[in-house]
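Dear colleague,

I am handing over the structure below, and I would be grateful if you could read through the notes that follow with the model open beside them.

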Amino acid sequence: MSIVHPDSPAPRCHPQPALCHPHPALRNIAIIGVASGIGAPEPGSAEGPGVLEAIGIADQLTSAGRRVAWVSTIAPAAACHAAAGKLDSIADCAVRTAGAVAAAIQAGDFPLVFGGDHSCAIGTWRGVAQALNPPPQPQACTPQPFGLLWIDAHLDSHTPETSPSGAPHGMPLACLLGRGAGSLTQGVPVLQAQHVAVVGVRSFEPQEHALLQELGVRVFFMDEVMRRGLDAVLRDALAIVQDGTAGFGISIDLDAIDPADAPGVGSPVPHGLRAAELAAVLATQATLAPMAPSAPLAPLTTLAGLTALVPPLPLRGPPVLLALEIAEYDPYRDQDGKTVSVIAQLLAAVLGGGKCITPSMAALELRHGAHNYDPLPVTLAKGQGVYLWDLQGRRYLDMMSAYSAVSLGHAHPRILRVLTQQAQDLAVTSRAFYNNRLPRLLQRLCEMTGLDQALPVNTGAEAVETAIKAARKWAYQVKGVAPDCAEIIACDGNFHGRSTAIVAMSSEPQYQDGFGPFPAGFKRIPFGNSDALARAITPHTAAFLVEPVQGEGGIIVPPPGYLAQCAQLCREHNVLLICDEVQTGLGRTGKFLACQHEGVRPDGVILGKALGGGVLPVSAFVARREVMQVFRPGDHGSTFGGNPLAAAVALEALNVIVEERLAERSADLGRYMLDALRSLPSPLIREVRGLGLFIGVEIDPALSSARQVCERLMLCGILSKDTHGTVVRFAPPLTI
Ligand code: PMP
């Protein structure tokens, strides 16, 4: 590898200035994410590049006439907590980042690096050095120097010997200057101190300052910026990085900016640069040369296919901007998307563009999609754990969990691991054959519900249909009900899905309006009243289908003892008790199954939503053998039901629920949240009810609709959805 080595002056191989990269007019923008957060005090910034990619930050630049592509995201190998492991992981990341950056430049693209923590700089600028001085270099050739403008609240010049914090992410500038751990410096400096300028510093250790002084790096501390003005300081700093160099780079740690403007950083430091001023000064002093109007569109780099290198063009004139790096965006601290706006502002200042041309996703959906939903006005682009981010980078707490489908949180690492591995091994085979994943899921479902056999399908509605078919056939074959006379009893206010048979049970006029005729054989009784069940049962009754807590009906918790009394009545009259636990099951209410609150073991249980781990639709009907044995081959099925991908994910979801004690968490946190909500002295609230983290707040309709409350909550960074006009639900991921 060829890199700058100031200690051994040697004849230059190129007439100055000569640059092994193409004319800037040819350059499109290749974005490289470095999801590093290994040494940072909190892990948030590791997610920064992923959020920026998901919300489409590249779109901010497309109007500048360049092609922009997010070419790769480099993630560290599994973080190790031991200091040595962290250094190895950073070193490995740096090598891969350097490779990606060098490849981008050599292919004629301009590298834009979004780093998690600032350790990404070790790789970024080593990559620039590699591209400027590609091997093979003639013997004794002095590599071309380049300058670096380092904008940061910190000096980032700890070494393992001097770092009081021991935080490896605090070392990148020292490493680039050849000081610090050998695995990070590779024994040679990338930068020459006389071509480095640091701006905006206001938090540092004396040892770091001493090191930079010894090396001769010019540091413009924040008080100098305040005294002289940013414009004058940047002019001096740019002279340092440009004089005698082949080009220069800009590395911006967002914590250089005042937290009032950019709160979404790993380690905010007060009294920083003002974002608008920094953007304005950069725009006038340090921008990427505009695209030549006639410039051909060079191919964008991809790491996989670096075949056609653009030949190097000698460049005359002032040193050019070689790369831009922006580090330490922490999306968890950027609640209102302010910091994303600052990033967009900086990109616009340095690289041009800045006009977001993304069409409104909501408008596109309304134009091309059926209007069968009425979403809140927010377009989500990324989810991680209990948080969601919209296209503007605003962060939300997910209090909806996709109607409990995301009980394990978004992007649970164990689920993603199984999902990706199984997708590569075997995804879908149909039930025409056995597969090696489904049996273990079926076994686990039976163990965990205390039932005998399971039938896997995809959506909750399909599982409810399965239960209805099983109950009817059981009634004819086992109970001896006369043909076509079997009845199923459901409850007022139920929600079991949207198929025509299921909406035939609904008490909600809108669910039926215009969709008849409906199948016969359903009866409805009031929910929460076991006497009503006793009165409704006839010799034709096959099953009582009930949600232990009504979800879509408004989070209605029945009186204590209700389900146990119903179970008793069903036993006495040889009626199947089928609990629809699509929403209440899998830990949501504080027990694995909500019916376990009353010690009830039903004849059949319907599961769905969270069974898919938040990534796939997976549902099942689980029942006693006497019920399930009515199905013969060909009676019932679904192409995707029980596919190996779904089975592997569902099995892992069940394991996560048990091992992370999600039901217990739901019980504890649910109690806490119910108490907290009940203590709110708000005239809006008529009632707070729920079980575990399955909570409904009844809003006084004279004062507000639940939808209005949800819209207001959305503006406060909390996402939920009203149900039944007057109820706001709170059902966060159980990992909260
Ligand atoms: N049963 C219950 C209790 C539900 O809450 C739902 C969905 N909200 C369903 C069934 C239907 O599930 P799906 O939307 O997956 O068909």
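A word on terms comes before the findings: on a 1 Å grid over the protein atoms alone, a cavity is a set of points where a 1.4 Å probe fits but cannot get out, while a pocket is an open set with protein on both sides within 12 Å along at least five of seven lines, and lining residues have an atom within 4 Å of a point. Grid points are joined across faces, edges and corners, and a volume is the space filled by probe spheres set on the points.

Please note that the model is predicted, so that local features need pLDDT of at least 70 and side-chain atom pairs count only at pLDDT 80 or more, whereas totals for chains, interfaces and linings use all residues. Residues are numbered from 1 along each chain as its sequence is written, and side-chain values use heavy atoms, with hydrogens and water left out.

Searching the whole structure gives four cavities of 30 Å³ or more, and the largest cavity has a volume of about 40 Å³. Its lining consists of Val34, Ser36, Ile90, Cys93, Ala94, Thr97, Ser119 and Cys120, which divide into five nonpolar, three polar and no charged residues (Ala, Val, Leu, Ile, Met, Phe, Trp, Tyr, Cys and Pro count as nonpolar, Asp, Glu, Lys and Arg as charged, and the others, Gly among them, as polar). Helix α2 (residues 83-106) contributes the most to this lining, with four residues; helices (H or I, at least four residues) and strands (E, at least two) are DSSP runs, numbered from the N terminus.

Among the polar contacts (pairs of N or O atoms within 3.5 Å), a polar side-chain atom of Lys609 lies 2.7 Å from a nitrogen atom of the ligand, and a backbone N or O atom of Gly460 lies 2.8 Å from a ligand oxygen atom.

Finally, on the backbone, Gly516 and Pro517 are joined by a cis peptide bond, with omega about 0 degrees, and Pro517 is found in the loop between α17 (509-512) and β14 (522-525).

With best wishes

Note on methods:
A polar contact is a pair of N or O atoms within 3.5 Å; within protein, one must be able to donate a hydrogen and the other to accept it, and residues adjacent in sequence count only if both atoms are side-chain atoms.
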